[in-house]
Amino acid sequence: GYAFLAEQSGCSRVAVLDHYIWSLDSEEYSRIYNDSIKAGTTPPAPHESAAWNSDTMPTRQRFDTARQALKSQVKAIPLDFMDCNLAEVGAWDITLYLGVLYHMPDPIGALRRVAAITKEQCIIETEAMFIPGHPEALWRFFPGGELNNDATNWWVPNIRALVGIATAAGFSSVEVLRGEPAKDEHMSDTGPCHYRAIVRALKARER
């Protein structure tokens, strides 16, 4: 959706890179997920379930249908970003890394690859958390699907850790667009409290 909006806003070259969601039969996985929850067990990761088919990519047809309906020129890049040759992806002025970071077993390795293909800026949106009284950089680890019964949820940073990992990965500066929410009566006094964070990670301009 963001790719189509970018194209409609005047971007001359836009692409979507995916393989994970496209390889999943979403209806079949929904059934597997619901059956697991009813049985009181953690659902299998999508790529470890019977709903996974990386050869046919059954869900890519949703993108292809939207692309055709919109008469769009948005390019599809059906690659595994963590394993592919980045030369196949190319370099982009702006990259969007939305809802992905906390699914990465190696988040700093993932962001280094994002930085490598980003020429100007990257918008990173992710699950985030904070623990009252602990402003230091922290990551919360979920080894077995404890977060939302999703076995692909691994690491959740606080805002200082998110800024820190982006600079460690190769971005020159980071601007927080959405940080910790204001405390309300539903938040724990001891935490951790979860929310969605957004930052803009910038690359140094070449002289």
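Which strands does helix H5 lie across, and at about what angle does H5 run to S4? Good morning, colleagues. The structure under discussion is a predicted model, and I shall begin with that question. Helix H5 lies across S3 and S4, and its direction is at about 155° to S4.

Four strands make up an open sheet, in the order S3-S4-S8-S7, with mixed pairing. S3 and strand S7, residues 173-178, are the edge strands; each has a single partner strand, so one side of each is left without a neighbour in the sheet. From one strand to the next, the twist averages 25°. Within this sheet, S4 and strand S8, residues 193-202, pair in the antiparallel sense over ten bridges. Alanine 128 stands opposite tyrosine 195 in S8.

I return now to helix H5, which spans residues 107-117 and is mostly covered, with eight of its eleven residues buried. Among them are Leu111, Arg113, Val114 and Ile117. What provides the cover? The elements over the buried residues of H5 include helix H4 (86-89), strand S3 (92-98), strand S4 (118-130) and helix H6 (159-168). Arginine 113, one of the buried residues of H5, also lies over the face of phenylalanine 81, at 5.5 Å from the ring centre. Elsewhere, arginine 13 is placed over the face of tryptophan 92, at 3.6 Å from the ring centre.

A search of the whole structure finds eight aromatic pairs. In one of them, phenylalanine 4 and phenylalanine 63 have ring centres 5.7 Å apart and planes at 10°, so this pair is stacked. Why does this pair tie together parts that are 59 residues apart in sequence? Phenylalanine 4 belongs to helix H1, residues 2-8, whereas phenylalanine 63 belongs to helix H3, residues 60-69. Phenylalanine 4 is buried, at a relative accessible area of 9%, and phenylalanine 63 also counts as buried, at 9% relative accessibility.

Phenylalanine 63 pairs with tryptophan 22 as well: their ring centres are 5.5 Å apart and their planes at 40°, so that pair is tilted. Here too distant parts of the chain are linked, since tryptophan 22 sits in the loop between strand S1 (15-17) and helix H2 (26-38), 41 residues from phenylalanine 63 in helix H3. Tryptophan 22 and phenylalanine 63 are both buried.

Lastly, ring pairs join Trp139, Phe141, Trp154 and Trp155 into a cluster. Thank you for your attention.

How values were computed:
Residues are numbered from 1 along each chain as its sequence is written. This is a predicted model: local features need pLDDT of at least 70, side-chain atom pairs count only at pLDDT 80 or more; totals for chains, interfaces and linings use all residues. Side-chain values use heavy atoms; hydrogens and water are left out. Buried means under 20% relative accessible area, exposed over 50%, partly exposed in between (1.4 Å probe, protein chains only). Helices (H or I, at least four residues) and strands (E, at least two) are DSSP runs, numbered from the N terminus. Contact means heavy atoms within 4.5 Å. Rings of Phe, Tyr and Trp (its six-membered ring) pair if their centres lie within 6.5 Å; planes under 30 degrees apart count as stacked, over 60 as edge-to-face and the rest as tilted. A charge sits over a ring if NZ of Lys or CZ of Arg is within 6 Å of the ring centre and within 35 degrees of the ring normal. Two strands pair if DSSP finds at least two bridges between them. Axes are lines fitted to C-alpha atoms, for helices over the stretch in contact, and angles run from 0 to 180 degrees between N-to-C directions.
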